[in-house]
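Here is a short briefing to read alongside the model. Have the sequence and the 3D view open, and take the topics in any order you like.

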Amino acid sequence: MKNILCIGAGYVGGPTMAVIADRCADCKVTVVDINADRIAAWNSDELPIYEPGLDEVVKRCRNVNLFYSTDISKAIREADIIFVSVNTPTKTFGAGAGRAANLQFLEKTARSIVEYAENDKIVVEKSTLPVRTAQAMSRILHSNTKNLKFQIISNPEFLAEGTAIRDLENPDRVLIGGMETPEGQKAIEEVASIYAHWVPRERIITTNLWSSELTKLVSNALLAQRVSSVNSISALCEKTEANIDEVAGAAGRDSRIGSKFLKASIGFGGSCFKKDILNLVYLCGHYGLPEIAEYWEQVVKINDFQSRRFVGNMLGAMFNTFADKKIAIFGFAFKADTGDTRESPACAVCLQLLEEHARLSIHDPKALGNAKLDLEGVEGDISYIEDPYKAAEGAHAIAVMTDWDSFKTLDYQKIFDSMEKPAFLFDGRNCLDHEALYKIGFNVYPIGKKHLTHF
Ligand SMILES: NC(=O)c1ccc[n+]([C@@H]2O[C@H](COP(=O)([O-])OP(=O)(O)OC[C@H]3O[C@@H](n4cnc5c(N)ncnc54)[C@H](O)[C@@H]3O)[C@@H](O)[C@H]2O)c1
């Protein structure tokens, strides 16, 4: 039986290893983390992350061939293949602060592997990393005095939160990069054979190490670029009576452009897009390509601009003052079907509203716990409300920040009746029926299309 270990039990390590265990009955999969609370949650009925379909997969495999543990040294000793799925956030200090990836967790993991390993192993980079990190990994791992040999493989993860299980079970592609040596190729084959349990061979792409590392950053940058492109055009639509859904819909019908990720909103969020583009920006600077760095940085700047523009529009509509007005925030997660709030544009919007002394009542079906943590210590009048009707009661405005399906089926007549008048609704996701809301009496402000107002 092949012994697979994953170091890092987060949004990537948790679901990925659950699906590997589910699909590979001939593998024993162990997931470890330095965070004991997280491991305890993986072993409980309340998993530490919300992901549709995850509970079922974990329940099928846990304590059969899937184990969550804090005993990192034992797990390393026993493993044949080690996936490293630790966090790689943007550096907040020192050289490259605000752009470069903070690799301290990765390096600590490599050093743990050196310390506890007793035989040769394959080490798989699952985290998103700057191109050429495998070289550094290899140097650290081969600093061992036990004469152990390690093969480094890059196998970036392309799952999207909210659809992680579906993405893992039916991926567009699996990317595996390795050294162009016989040992490197053998290691690629070992990792490919795990995925081949359920992924058709033609969807398993193998490349050299550096292409694989760089592809992950580039994929996220290209996706985020589409969001910023369409959002930049949403601003122009608002000035010209063009309608962003019509423009994006018609432009996206060109099959070379395509419709995916051409949806105007308050902006992209999540732990990856901003961090990975900034990392790409940093790498371009590092390699002496400032113009290319500036080009990609603009994608992030447009994203920040879009949430500022949204709040600016709200302020203009609501007579230039939020002071002491209650505003209901519908959604705090960075997108629907996840409780993850990392880099959520909702947070940026809330902070700006609080600066203007608005009173906030925040509702989200899955993310209230994380919202509380994100806004801990922030000054202002904030309440966290499980019931959307209560959240909107007595409010001057609703700001929709996340496209949760549950928001589409609320009784907006009942909500309208309970609000202060004139009642405003700002749809930061263009996900509600604006005409119907207008007929009820709301003043409706979508993104990139005509405002529907009763004034
Ligand atoms: N979240 C996503 O949608 C997504 C998608 C694709 C790739 N990625 C990439 O995958 C990586 C992990 O992301 P995530 O969202 O799962 O992060 P996360 O913060 O949810 O999980 C990382 C885990 O690693 C643990 N950890 C850190 N240092 C450790 C150590 N030395 N030993 C053991 N455990 C340690 C942390 O305690 C944490 O639980 C990142 O590089 C990210 O860019 C994320």
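Into which domains is the chain divided? Domain 1 covers 2-199, domain 2 covers 217-303 and domain 3 covers 306-445, with bounds that come from an automatic or database domain assignment. This is a predicted model, in which local features need pLDDT of at least 70 and side-chain atom pairs count only at pLDDT 80 or more, while totals for chains, interfaces and linings use all residues. Residues are numbered from 1 along each chain as its sequence is written.

**Domain 2 beside domain 3**

- The centres of domain 2 and domain 3, taken over C-alpha atoms, are 24 Å apart.
- In domain 2, 13 residues are in contact with 16 residues of domain 3, where contact means that the C-beta atoms of two residues, placed from the backbone, lie within 7 Å.
- On the side of domain 2 that touches domain 3, α9 (209-240) and α12 (290-317) each supply at least two residues; helices (H or I, at least four residues) and strands (E, at least two) are DSSP runs, numbered from the N terminus.
- That side of domain 2 has four nonpolar, seven polar and two charged residues. Here Ala, Val, Leu, Ile, Met, Phe, Trp, Tyr, Cys and Pro count as nonpolar, Asp, Glu, Lys and Arg as charged, and the others, Gly among them, as polar.

**Around the ligand**

- Of the 26 residues around the ligand, Gly8, Gly10, Tyr11, Ser127 and Thr128 come nearest; a residue is near a molecule or strand if its C-beta atom, placed from the backbone, lies within 6 Å of it.
- Helix α5 (residues 104-116) gives the largest share of this shell, three residues.
- By class, the shell holds ten nonpolar, eleven polar and five charged residues.

**Helix α1 with helix α3**

- The axes of α1 (residues 13-23) and α3 (residues 54-61) come within 9 Å and cross at roughly 50°. Axes are lines fitted to C-alpha atoms, for helices over the stretch in contact, and angles run from 0 to 180 degrees between N-to-C directions.
- That angle makes α1 oblique to α3: under 35 degrees counts as roughly parallel, over 145 as roughly antiparallel, 65 to 115 as roughly perpendicular and the rest as oblique.
- α1 and α3 cross in a left-handed way, the term for a near helix turned anticlockwise from the far one by less than a right angle, with right-handed used if clockwise.
- Pro15, Ala18, Val19, Ala21 and Asp22 of α1 make the contact with Leu54, Val57, Val58, Arg60 and Cys61 of α3.
- This contact has eight nonpolar, no polar and two charged residues.

**Two partners of α12**

- Helix α11 (residues 273-286) packs with α12 at an angle of about 165°, their axes 7 Å apart, and that makes α11 roughly antiparallel to α12.
- The α11 residues that meet α12 include Ile277, Leu278 and Val281, and Trp296 is among their α12 counterparts. The contact of α11 with α12 divides into eleven nonpolar, one polar and two charged residues.
- α9 packs with α12 at about 45°, with axes 9 Å apart, which makes α9 oblique to α12.
- Among the α12 residues that α9 meets are Trp296, Asn303 and Arg309. By class, the contact of α9 with α12 has six nonpolar, six polar and one charged residues.

**Backbone points to check**

- Most residues other than glycine have a negative phi, and most peptide bonds are trans.
- Glutamate 241, which is not a glycine, has a positive phi of about 65° and sits in the loop between α9 and α10 (244-252).
- The peptide bond from lysine 421 to proline 422 is cis, with omega near -5°; proline 422 lies in the loop between α16 (412-418) and β13 (424-427).
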